[in-house]
Amino acid sequence: LITLRPAGNTPTTITTDEKESASTALSSDITLFNPSLVVLLGSETLSAAKPKADLSGWRGSLFVGDQYGPFQGRKCIASYHPTDVLREYELFPLFKFDLKRAREEGSNPALTLPTRELLPSLDCGTLVHLMDNWPAGQRCSVDIEGGLPADSVNDGVKKDSKRRRYIGWRCVSLCGRPSKAFAIAWWKFNDVEFALVYQSFARLMLRADVPKVLQNSLYDSFVMSYGYHIPIVNVVEDTMLKSWEQYCELPKGLSTIASIYTREPHWKDESMYQDTSENLALGCCKDTAVTLEICNALDSILSTKANEHYRKNIQLLRPALYMELRGIKYDLDSVSKKIAEVRAELLPLGLRLSELASQS
């Protein structure tokens with residue numbers, strides 16, 4: 001394929017005519033070779049297939065190229081450019097995952113993605129029925145969109161019942177299996193409906209016979225307990241901690257974890273948060289569905305020792321939440337003294353490592 005290297009290797013130095021010429025030549029080559037999968041390396045290449053897409057979010061995702069440009073209609077996967085990987089070695093593990101997926105997908109041009117039933121607009125009666133009749137023992141994946149109410153953070157906003165209801169916590173989603181999830185969009189209800197749904201949700205969160213699954217559970221647990229007086233009881237799975245047991249060096253965000261353990265394309269982009277409320281509820285549904293899929297996948301991956309360590313970390317969530325809610329006594333003087341001691345011990349070790357590195 002044709003390679004166009006801009007002056008100084010700076011993409012902004014490429015003229016419009018050069019871009020159009022390169023795109024035409026690339027389209028011709030792709031038509032000639034007819035690949036089953038196009039691997040897009042670097043943000044510039046990704047933008048040619050999916051304009052305005054962010055590489056940090058879309059790397060590892062399978063998708064069809066935009067209707068315009070050289071990759072239109074082609075199955076694609078994006079990853080980091082090799083030169084970026086050489087400069088920042090921490091990118092290599094994700095780069096390796098992406099190439100592995102590319103190898104698996106390269107023999108078939110068809111794009112097969114997860115099929116999920118996402119329900120962002122259920123009525124009050126249906127929501128109450130689903131939550132009040134949640135089967136005992138069935139995992140319940142939970143995700144909230146937002147944070148503390150305005151009256152908890154003292155932001156100076158004039159308070160009234162409706163604004164307190166929506167500020168900070170716009171919706172929540174629940175999922176019992178990865179193929180189906182539903183959202184509770186608080187802005188859709190009148191006061192009576194809101195009270196009924198709120199009570200059913202609180203009852204479900206308090207049920208000790210329903211195991212809860214969350215991503216970064218301490219955040220949601222603190223917000224719900226401190227801001228809305230709804231403790232989340234029986235949190236047995238945290239996908240952030242669970243994935244850490246397998247690959248502790250990788251980023252812990254849900255998008256990154258999903259790119260490794262699921263086939264779900266990137267969904268947590270600007271449109272989820274800045275477009276419409278409906279998009280937020282749909283994205284929230286997908287959060288819980290993907291979280292549960294990741295959790296299920298890791299069940300069969302973690303070794304016995306890794307799972308034992310993970311379970312110990314899960315047991316620490318409750319005391320950690322207690323300390324968040326009640327506070328702890330913190331001796332600043334003792335901490336400063338200990339930090340100084342540790343730094344003094346580390347200094348000669350660092351100098352020795354630098355000396356060894358210079359010798360090699």
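Modeller: Let us begin with the geometry: an axis is a line fitted to C-alpha atoms, for helices over the stretch in contact, and an angle runs from 0 to 180 degrees between N-to-C directions. Helices (H or I, at least four residues) and strands (E, at least two) are DSSP runs, numbered from the N terminus. The model is predicted, so that local features need pLDDT of at least 70 and side-chain atom pairs count only at pLDDT 80 or more, whereas totals for chains, interfaces and linings use all residues. Residues are numbered from 1 along each chain as its sequence is written, and side-chain values use heavy atoms, with hydrogens and water left out.

Biologist: At what angle do α6 and α9 pack?

Modeller: Helix α6 (residues 124–132) packs against helix α9 (residues 191–206) at about 15 degrees, and their axes are 9 Å apart. Angles under 35 degrees count as roughly parallel, over 145 as roughly antiparallel, 65 to 115 as roughly perpendicular and the rest as oblique; α6 and α9 are therefore roughly parallel to each other.

Biologist: Which residues of α6 and α9 make the contact?

Modeller: Contact means heavy atoms within 4.5 Å. On the α6 side the contact is made by Cys-124, Leu-127, Val-128, Met-131 and Asp-132, and on the α9 side by Glu-193, Leu-196, Val-197, Ser-200, Phe-201, Arg-203 and Leu-204. Ala, Val, Leu, Ile, Met, Phe, Trp, Tyr, Cys and Pro count as nonpolar, Asp, Glu, Lys and Arg as charged, and the others, Gly among them, as polar; the contact of α6 with α9 then has eight nonpolar, one polar and three charged residues.

Biologist: How do α11 and α15 pack?

Modeller: Helix α11 (residues 239–246) and helix α15 (residues 304–315) pack at about 150 degrees, with their axes 10 Å apart, which makes α11 roughly antiparallel to α15. Here Leu-241, Lys-242, Trp-244 and Glu-245 of α11 meet Ala-306, His-309, Tyr-310, Asn-313 and Ile-314 of α15, and by class this contact has five nonpolar, two polar and two charged residues.

Biologist: How many salt bridges does the rule give?

Modeller: Side chains of opposite charge can pair when their charged atoms come close. With a salt bridge defined as a side-chain nitrogen of Lys or Arg within 4 Å of a carboxyl oxygen of Asp or Glu, the count comes to 18. Arg-139, Glu-237, Lys-242, Asp-299 and Arg-311 are linked in a network of salt bridges.

Biologist: Which parts of the chain does the pair of Glu-264 and Arg-116 link, and are these residues buried or exposed?

Modeller: The side chains of Glu-264 and Arg-116 meet in a salt bridge of 2.7 Å, N to O. This pair links distant parts of the chain, 148 residues apart, with Glu-264 in the loop between α12 (254–261) and α13 (270–274) and Arg-116 in the loop between α5 (92–105) and β4 (117–119). Buried means under 20% relative accessible area, exposed over 50%, and partly exposed in between (1.4 Å probe, protein chains only); Glu-264 at 9% and Arg-116 at 15% each count as buried.

Biologist: Where do Asp-287 and Lys-268 lie?

Modeller: Asp-287 and Lys-268 form a salt bridge at 3.1 Å, N to O. Asp-287 lies in helix α14 (residues 277–299) and Lys-268 in the loop between α12 and α13, so the pair ties together parts that are 19 residues apart in sequence. Asp-287, at 1% relative accessibility, counts as buried, while Lys-268, at 23%, counts as partly exposed.
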